[in-house]
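Hello! Here is the structure I promised to pass on to you. Have a look at it first, and my notes follow below.

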Protein chains: 2
Amino acid sequence: MLGLMMDRALTLPSILEYAAQYHPDRQVVDRMVEGPIHRYGYADALARTKRMANALAAMGVKPGDRVATLAWSTHRHFELYFAVTGVGAVLHTINPRLHPDQVVWVANHAEDAFLFFDNSFAGLVAELKDRLPRVKALVAMTDREHLPPEAPADALVYEELIVGQPADFAWPDLDERQASGLCYTSGTTGNPKGVLYSHRSTVLHAMALALPDAFDFSARSVVMPCAQMYHANAWCTPYAAPLVGATLVLPGRALDGASIAELIRAEGVTFLLGVPTIWVGVADHLDQTGERLASVKTIAVGGSAPTAALVQRIEDRLGGQVRQIWGMTETSPLGVINTPLPQHDGEDEAATLSRKLKQGRGLWGVDLRIVGEDGEELPRDGKSTGALQVRGPWTVGAYFKQDGSEVFTADGWFDTGDIATLDAEGYLRLTDRAKDVIKSGGEWISTLDLEDAICSHPAVAMAAAIGVPHPKWDERPLLLVTLRPGHSADPEALKAHVAARVAKWWTPDEVRIIEALPIGPTGKVLKRELRDQLATAAPVQPAES
Amino acid sequence: MLGLMMDRALTLPSILEYAAQYHPDRQVVDRMVEGPIHRYGYADALARTKRMANALAAMGVKPGDRVATLAWSTHRHFELYFAVTGVGAVLHTINPRLHPDQVVWVANHAEDAFLFFDNSFAGLVAELKDRLPRVKALVAMTDREHLPPEAPADALVYEELIVGQPADFAWPDLDERQASGLCYTSGTTGNPKGVLYSHRSTVLHAMALALPDAFDFSARSVVMPCAQMYHANAWCTPYAAPLVGATLVLPGRALDGASIAELIRAEGVTFLLGVPTIWVGVADHLDQTGERLASVKTIAVGGSAPTAALVQRIEDRLGGQVRQIWGMTETSPLGVINTPLPQHDGEDEAATLSRKLKQGRGLWGVDLRIVGEDGEELPRDGKSTGALQVRGPWTVGAYFKQDGSEVFTADGWFDTGDIATLDAEGYLRLTDRAKDVIKSGGEWISTLDLEDAICSHPAVAMAAAIGVPHPKWDERPLLLVTLRPGHSADPEALKAHVAARVAKWWTPDEVRIIEALPIGPTGKVLKRELRDQLATAAPVQPAES
């Protein structure tokens, strides 16, 4: 027997319609690629979005068409988030930090039919356009005055497209399982793989994101995502903010410390999110200026795990509380979040910090399990280490064109490629990426623990632990570090620093100071590249053991 | 093109599974019908729920079967909320305050196959059972020791049913559109009509309910619904609380001021909800004892509109902030809620109070409109008064067995039967129930405004404005009032009190002091009964106009 409640589809345009009606003057603020700060209310945002929806229809965009963007976090990108999905097409947010060959590869793999681009990428698009035979139209996300000379001659201009269009548009009836967005994983192993979001998965994820123990979004929140809108929909905040009428601040392309600090101060930002390196930049800037920020309540940190020292520095310099999250493009991205429970009130500082270094706890809608090498589920004891698998209505069920099907288990779970523990309180703690794991003498050594140990040393800026081949132990850890500006350190002292903090057999055989670590397009260290570079080097000497 | 995220159904058992795994020790506390306070964690609640699911299967409960309850707000009722729905059956929560003939009518209309009942209703069930031919089994929600002698001899006993059952149960794969609950409207006009909730509508509603600008539920919340679990699922709190790991306090049958105040104090309740009369009782009790409560943050008030005086009294006596909500069985029930917006900070006391007397603003997922008598949508100007219509994924789409189809519009909206205004800020303000409206000289007079005006008089306890026939104006208002204990008042003085507060032509021709107002099973004044009583009385004298 089926229930008799209204069968209303969960669709993305309904979110902006709601915001425009109930929060017409609440602001969307962005730093435009052209430079100035732009601001408007949700009512105006909806009107422009509908003009763009009409323009898309006039351009011949059809339901299911992939409409690509090479763009930063701006109000025009925000409009495309709703206009493209609202007409039933699929917004493919290409990561412009990919190598140009990879941009071509993903655009062709996605069969992108239209391409919108920011001025920053006008030259790139001109260079690549002949390699994108399926693209029917290019649109520069600017006005005529600011169109860069290097843009393709046949590029249309965003503001010209919408200026003559009506500000009303009847959204088509959409199946909530209709694809809404396409985002490729960074592809540090193999080709990038496409995650095809649906209206349903995105709406449910946005609702879950706004809950008090997740991002706690309300009409009082001022939300600034410092993950770009090509990174898993800026963690879905451009959908979750209007769903509750929160103010949305989009930082454009400028993620340097000074630019971010300026927006936080000017807009009274309460909620920030981004990878750890962003906050290092902001903290450095605040160190230089001596400025204090008063408005920040929560800094959600994800993408990679911050060290204890960094958590303390971020909280000290930016104000507010750090909440780690763990997630992936494949999980929309919210998987877990580290929100304190009532029983943590009154715990001592060391316990608080130790808790904050875990990635967080699951929310309703995200089932988690860890499994051993033979596929059996492992206990939630905080010790058993295994492959992290996820299941839920905003978790990927298959990659676009069925790529990479080996990561989907027969019983319906997604294997994340992360190695982790779960504890009795429900906390997830990542110990490694499966592909980065070091296996020494048949046992795993956590590269994240080694990196965390060395980063507590005041001279160390960044670190990467990798496994190098070893004749007796199969692999042994090598720890590569960069130093903070103006600091020096002795490798043996660094090694001793680690040795004091981890199991004896985990201690790396060598700590090597290098100039810089290779960083990939999503801000993560490219360990594969490090391993490749070192593959030709002589094996390190065995540790005494 | 369909998205490729996991196609996981939104189902109710997943909520309790989540709570048991991530909040195993967070408490569900109830005042048992047998007297004592009972408490357990969500993990134990799930274990008992699964025992009951096994028991239901053993009893022959099949998917789609209606399983009825005549029960208060207790942990056993909470278990049935998940066990019955989890096995794919439909939980029919009968309002035991209905007249026994109506209990029989709804049980037979629903075709209830099983009936669970609290000890309070053992005699009633024994009396009615022969009139319920479809019911295959009766279950007393108690243990053998407490089984009342008046219970039917063939009644099964809840604790005996589950004691031998395993605490594990594999929930069947459910379609999220599967019916989960059935709740009949109070039926003040015509026969009661059944609202058939689905897993999907209930899960979505629970998520929306927990959002910061709605009920703001988190693992830190201590939630006590003082609407019984047969009133629109106690406003869905037994589902929303475990979805976020909030503590749930169920008051059993005792909704008197002393019992509620005791639970608030003992459990540190932060969130209360219920109809205005409940809070009058608590305030009266606190007046008598001089006690102060420290934990309450929010008192959600719905069911009928509180007066300004009552809002002030509740906030003064209970602590916390009153938030009106408006909703119906047909809207799961959350329609609107009166949560202050950032722009209301710093407003003066009079503005705050005036705002609090509106029912509230819409949330995402609840589309609202008001339409005139010819069906056209009216402006949101705070003045235009029309029929309130609602649409959304947790709004009723049709009544059970297609009763009352006239309230569903051709373009897919539900006509609530309420008369209201919407203002530019999005606030809904009810002015009447359509069936209670007074039309005088072709214009509507708001009975709620009249009642609000008279209730600001210190001697007045309750009021009901009704229309009485009039030869010239078709109808004129008559205001019936009851006085607070120990107070007296002159009817002409009361009339003058109203006249000073409303339009001249709205002033009732008579204010009549009576002993008591007839109250229906959902706590609302039965105006139809008042009108029927007065139909034989002489017409009141025309006002000078």
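**A buried glutamate**

With a relative accessible area of 16%, B:Glu291 is buried (under 20% relative accessible area; exposed is over 50% and partly exposed lies in between, with a 1.4 Å probe and protein chains only). Before going on, please note that this is a predicted model, where local features need pLDDT of at least 70, side-chain atom pairs count only at pLDDT 80 or more, and totals for chains, interfaces and linings use all residues. Residues are numbered from 1 along each chain as its sequence is written, chains are lettered from A and ligands numbered from 1 in the order in which they are written, and side-chain values use heavy atoms, leaving out hydrogens and water.

B:Glu291 sits in the loop between α11 (276-289) and β13 (298-301) of chain B (helices, H or I, at least four residues, and strands, E, at least two, are DSSP runs numbered from the N terminus). Leaving aside residues up to four places away in sequence, B:Glu291 touches B:Ala261, B:Arg265, B:His285, B:Leu286 and B:Arg317 (contact means heavy atoms within 4.5 Å).

Next, a strand: four of the five residues of β17 (residues 367-371) of chain B are buried, so the rest of the structure largely encloses it. β17(B) pairs with β18 (residues 386-391) of chain B in the antiparallel sense, over five bridges (pairing needs at least two DSSP bridges). B:Asp367 has B:Arg391 in β18(B) as its bridge partner.

Best wishes
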